[in-house]
Amino acid sequence: MFGYVNINRNELSDENKKIYQGYYCGLCQKLKEVSGRKGQMLLNYDMTFLVVFLTGLYELEDKNTDFVCALHPTKKRTARINEATEYAADMNIILSYQNFEDDWRDNRSYSKKAFARMLGKDYNRIMAKYPRQVKAVETYIEELGKAEDAQESNIDKISGLTGTMLGEIFAWREDIWAEELRYFGFYLGKFVYLMDAYEDFETDKRKNAYNVFRVQRKEDMQNLDTFVKLLLTSMMSECAKSFERLPILMHADILRNVLYSGVWTKYEYNRLKRERKQQKLLEKQKAEKQKADRKSATK
């Protein structure tokens, strides 16, 4: 997960902000409990969304605990913890472990290899507990590597790898909701992959690294923005339809805030950042041309 599945704080009520923060803090505390301080370093908003989503669907009962946060020691915080919190913490760990291992394989990053080793015991524990989900993540990493090496140009195919993996993670239990949860996770995973490729486009271009939009020769940034927006809208449309089919009433306002608004905040941020960068480049080119013209006129 890459931090794209977040709330839009400007559109959320104060009460719902407190509830969401409670689940975020709860996940942080659970990561600390199951994996120590190193676990807390893995905390992200995507897994917080998973907690809120599963809590709302299964109407889980929270255990609220007040604590003092080392990062915010002046005021006590409230952590909301339930069964989904522990599950999300475990999924957070296996995703992080595989991400560290992937960075080691691709870039020979010794720091990432060290982090992976630190999580080894936790990974083995979770593998015994959730073999289906762990297998899905391992298969995803393997297939993604093959696709990138082959310079895969099929956007649907390569983004679908992330979708299949995330679908297995959202399908917490093999019950009446599993099929719908896989459907939801599939399209959310595709959205996440495409957002990540969009955000990394210029970096990958500079490093001559694989990026599905580069393979498709989407070099014109204005056209790329439009193309990506259409793809992302299609993915989130499927997520929204799936969400509305589920009987989620608990925390529905928070979840709708994420799905209809929050997931777009990074897209807009990246788009505006590109526009400002392009504008500065045009201004620089204009200034250089004017300078060259003045120099020519004085000769």
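User: Which ring does the charged end of Lys 229 sit over?

Analyst: This is a predicted model, where local features need pLDDT of at least 70, side-chain atom pairs count only at pLDDT 80 or more, and totals for chains, interfaces and linings use all residues. Residues are numbered from 1 along each chain as its sequence is written, and side-chain values use heavy atoms, with hydrogens and water left out. A charge sits over a ring if NZ of Lys or CZ of Arg is within 6 Å of the ring centre and within 35 degrees of the ring normal. At 5.4 Å from the ring centre, the charged end of Lys 229 sits over Trp 264.

User: What is the geometry of the Trp 264 and Tyr 267 pair, and are the two residues buried or exposed?

Analyst: Rings of Phe, Tyr and Trp (its six-membered ring) pair if their centres lie within 6.5 Å; planes under 30 degrees apart count as stacked, over 60 as edge-to-face and the rest as tilted. The centres of Trp 264 and Tyr 267 are 5.9 Å apart and the planes stand at 90°, so the pair is edge-to-face. Buried means under 20% relative accessible area, exposed over 50%, partly exposed in between (1.4 Å probe, protein chains only). Trp 264 and Tyr 267 are both buried.

User: Over which ring does the charged end of Arg 173 sit?

Analyst: The distance to the ring centre is 4.8 Å. The ring belongs to Tyr 58.

User: How many residues apart in sequence are the parts tied together by Phe 49 and Phe 184?

Analyst: The structure holds 18 aromatic pairs. Phe 49 and Phe 184 form a stacked one, with 6.3 Å centre to centre and 20° between the planes. Helices (H or I, at least four residues) and strands (E, at least two) are DSSP runs, numbered from the N terminus. Phe 49 lies in helix α3 (residues 45–58) and Phe 184 in helix α9 (residues 178–199), so the parts tied together are 135 residues apart.

User: Which cluster do ring pairs build with Phe 49?

Analyst: Phe 49 is buried at a relative accessible area of 2%. Phe 184 is buried too, at 0%. Ring pairs link a cluster made of Phe 49, Phe 53, Phe 170, Phe 184 and Phe 243.

User: Which residues are in contact with Gly 56, leaving aside its neighbours within four places in sequence?

Analyst: Gly 56 lies in helix α3. Its relative accessible area is 0%, so Gly 56 is buried. Contact means heavy atoms within 4.5 Å. Leaving aside neighbours within four places in sequence, the partners of Gly 56 are Ile 248 and Met 250.

User: Which residues are in contact with Asp 122, leaving aside its neighbours within four places in sequence?

Analyst: Asp 122 is found in helix α6 (residues 120–129). It is buried, with a relative accessible area of 9%. With neighbours within four places in sequence left aside, the contacts of Asp 122 are Val 34, Ser 35, Lys 38 and Ile 93.

User: What share of the residues of the protein counts as buried?

Analyst: The secondary structure comes to 14 helices and two strands. Along its principal axes the C-alpha trace spans about 80 × 45 × 40 Å. Of the 299 residues, the share that counts as buried is 49%.

User: What share of the contacts in the protein with a separation of 6 or more comes from residues 24 or more positions apart?

Analyst: These contacts join residues 24 or more positions apart in the chain. Among contacts with a separation of 6 or more, their share is 69%.
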